[in-house]
Amino acid sequence: MKKRQLQEILGFNLLRVCMVLVLLTLAFILYDIISKGAGKISWEFLTAMPRNGMKEGGILPAIVGTVLVTVITAILSIPFGMGAAIYLNEYAKDNNLTRLIRMSIRNLSGVPSIVYGLFGVILFVQAMNIGTCVLSAGLTLGLMTLPWTITASEEALKNVPNSFREGALALGATKWQAIRTNVLPYAISGMLTGTILGLSRAAGETAPILFTGAAFYLPFLPRSLFDQFMALPYHLYIMSTQHHAITQVRPIAYGTALVLITAVFAMNLFATILRYRLRKTKME
Amino acid sequence: MTWNPTASYTEPEYGIGAMIIGTFMVSIGALAIAVPLGIGTAAYLSDVASPRVREIIKPVVEILAGIPSVVVGFLGIVFVGPAIAKVFHIPNGLNALNGSILLAVMAIPTIVSISEDALKSVPRSFTEASLALGGTKWQTLARVKIPAAMSGIIAACMLGMGRAIGETMTVLMATGCAQAVPHGFLDSVRTMTTTIAIELGEVPFNTTHYYALFAIGLVLFIITFIVNMISEMVLHKYQKVVK
């Protein structure tokens with residue numbers, strides 16, 4: 001066998017090893033959490049309050065808290081994100097100002113989540129005097145997801161062929177009519193895919209809610225948007241580092257981790273199915 | 001260098017040198033693991049894998065990106081930490097190495113997807129020219145495609161690094177957070193993000209300590225901003241070259 005061929009076989013197998021290592025890492029993470037967390041999952045675990053200093057009982061307040069915060073995040077980031085994307089892609093002229101706006105958005109999406117947390121403390125908790133609560137945390141996460149939503153939505157709008165717009169305009173439609181009837185119906189699933197992926201990332205974030213509303217231990221559900229709340233990721237953090245009986249509550253931590261990744265993956269899966277259906281309709 | 005804002009007998013000190021060292025140490029350690037694995041996987045996906053295998057593996061790598069950072073940190077405590085303690089015979093495994101391994105796991109998906117895009121957008125004529133001259137597929141990949149896609153790959157690594165520098169929960173849980181200049185990867189380190197996360201909840205509003213934490217946030221913002229700008233510029237330049 002020639003040296004070159006041997007080199008090729010070795011090289012390709014090296015690449016294969018890299019790929020297998022990456023897949024194994026993921027498989028291991030999932031296996032560890034599912035195998036150790038599944039035993040803890042029960043109806044009671046999902047629907048009961050934590051009891052006895054969080055050593056027993058369920059994680060209902062954490063589930064409710066995460067759902068509430070994600071809903072507020074969605075209310076902030078969906079309309080503003082999609083609106084900004086429609087403006088940038090359909091209305092804005094390609095000049096230095098829009099280039100600056102685009103560049104800022106891209107850079108904002110790379111800002112560390114803890115910096116958003118600091119910003120949330122200053123703006124919502126202190127300056128607007130909302131206090132540490134569900135609303136502040138949701139707004140902070142909403143700000144964090146906005147750049148992702150805008151970028152993904154703009155990408156979806158860009159993929160709509162120009163002839164769609166021109167067709168409507170040629171028939172005498174106004175610009176907004178053209179966008180509403182010819183552009184949005186085709187772009188909407190792409191826009192939603194990006195938005196849902198952003199929301200799933202927000203739901204799993206801990207750093208921005210640390211100081212804006214998440215609470216260590218609350219044996220009741222938030223009664224209004226101005227209450228503090230428990231959240232799944234923060235609960236997992238507490239259960240694995242701050243609790244006084246760490247080894248004793250480890251099963252609860254595993255259970256919480258399993259619920260959290262299930263929720264995040266369910267959202268990702270939903271987004272993937274949307275994207276898949278979109279691709280299918282495009283091909284037809 | 002010394003960060004000791006709550007000193008009671010001496011003047012409080014607000015130096016963030018040790019944290020900056022800690023942040024870069026953990027991030028560079030993460031890149032040392034993630035870059036070879038990430039580029040290897042990207043090259044496998046773009047040049048070795050059949051289209052069907054690629055269609056399966058790509059979403060799987062995306063799943064890895066979807067795992068919340070706090071879950072990764074949790075695994076650092078329950079699995080990676082004890083494993084490191086066992087291998088190196090040290091009392092606990094919450095140190096810079098642990099943080100680097102976990103951050104590598106989080107940076108890999110970014111590096112894979114952007115590097116793969118870069119490798120894919122190398123013009124076909126490059127590949128064909130190399131194969132026509134009698135190069136093997138491996139030689140084409142290593143000597144033509146990877147150098148041609150280099151700026152895209154560099155941008156991918158920079159973005160991965162930006163993510164690693166700004167990551168909070170994983171390092172907070174896995175690195176032990178000791179306040180000292182680390183001497184090696186088996187020392188516990190404290191990064192800028194973790195200092196904010198630990199202390200902001202406990203300081204009184206509007207004190208020097210409180211503002212010092214926001215100053216750390218500013219430094220962090222500037223560092224990630226620069227890293228992201230560089231990757232953006234490299235990526236932009238590379239897109240121009242390809243066009």
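No disulfides are found over all chains, a disulfide being a pair of cysteine sulfur atoms within 2.5 Å. A disulfide is a covalent bond between the sulfur atoms of two cysteines. A:Cys18 takes part in none, and the nearest cysteine sulfur, on B:Cys157, is 13 Å away. A:Cys18 is buried, at 12% relative accessibility. A:Cys133 is buried as well, with a relative accessible area of 0%. Buried here means under 20% relative accessible area, exposed means over 50%, and partly exposed lies in between (1.4 Å probe, protein chains only).

The model is predicted; local features need pLDDT of at least 70, side-chain atom pairs count only at pLDDT 80 or more, and totals for chains, interfaces and linings use all residues. Residues are numbered from 1 along each chain as its sequence is written, chains are lettered from A and ligands numbered from 1 in the order in which they are written, and side-chain values use heavy atoms, with hydrogens and water left out.

The interface of chain A and chain B was examined next. In chain A, 52 residues are in contact with 55 residues of chain B. Contact is defined as heavy atoms within 4.5 Å. The two chains bury about 4900 Å² between them. Of this area, 76% is on carbon and sulfur atoms. Buried area is the accessible area (1.4 Å probe) that two parts lose on being put together, summed over both.

One salt bridge is found across the interface of chain A and chain B. The criterion is a side-chain nitrogen of Lys or Arg within 4 Å of a carboxyl oxygen of Asp or Glu. The bridge joins the side chains of A:Arg106 and B:Glu232, at 2.2 Å from N to O. Polar contacts between chain A and chain B come to seven residue pairs, with both residues at pLDDT 80 or more. A polar contact is a pair of N or O atoms within 3.5 Å; within protein, one must be able to donate a hydrogen and the other to accept it, and residues adjacent in sequence count only if both atoms are side-chain atoms.

On the side of chain A that touches chain B, the elements giving two or more residues are α1 (3-37), α4 (96-108), α5 (113-127), α9 (232-242) and α10 (250-283) of chain A. Helices (H or I, at least four residues) and strands (E, at least two) are DSSP runs, numbered from the N terminus. The largest contribution to this side comes from α1(A), with 18 residues. By residue class, the side of chain A that touches chain B divides into 32 nonpolar, 12 polar and eight charged residues. Ala, Val, Leu, Ile, Met, Phe, Trp, Tyr, Cys and Pro count as nonpolar; Asp, Glu, Lys and Arg count as charged; the others, Gly among them, count as polar.

Over all chains, the structure holds 11 salt bridges. In chain A, the side chains of A:Lys36 and A:Asp32 meet in one, at 2.9 Å from N to O. Both residues lie in helix α1 of chain A, four residues apart, about one turn of the helix. A:Lys36 is partly exposed, at 45% relative accessibility. A:Asp32 is buried, at 5%.

A further salt bridge joins the side chains of A:Glu154 and A:Arg102, at 2.8 Å from N to O. This pair links distant parts of the chain. A:Glu154 is in helix α6 and A:Arg102 in helix α4 of chain A, 52 residues apart. A:Glu154 is buried, with a relative accessible area of 7%.

In chain B, the side chains of B:Lys145 and B:Asp47 form a salt bridge, at 3.1 Å from N to O. B:Lys145 lies in helix α6 (residues 137-148) and B:Asp47 in helix α1 (residues 17-48) of chain B, so the pair ties together parts that are 98 residues apart in sequence. Both B:Lys145 and B:Asp47 are buried. A network of salt bridges links B:Lys58, B:Glu116 and B:Lys120.

Backbone angles and local packing follow. A:Asn129 has a positive phi, near 60°, and is not a glycine. A:Asn129 sits in the loop between α5 and α6 (134-158) of chain A. A:Asn129 is exposed, at 65% relative accessibility. B:His89, also not a glycine, has a positive phi of about 55°. The place of B:His89 is the loop between α3 (69-88) and α4 (96-120) of chain B. B:His89 is exposed, at 71% relative accessibility.

A:Ser136 lies in helix α6 of chain A. A:Ser136 is buried, with a relative accessible area of 0%. Neighbours within four places in sequence aside, A:Ser136 is in contact with A:Phe124, A:Val125, A:Ile130, A:Gly131 and A:Thr212.
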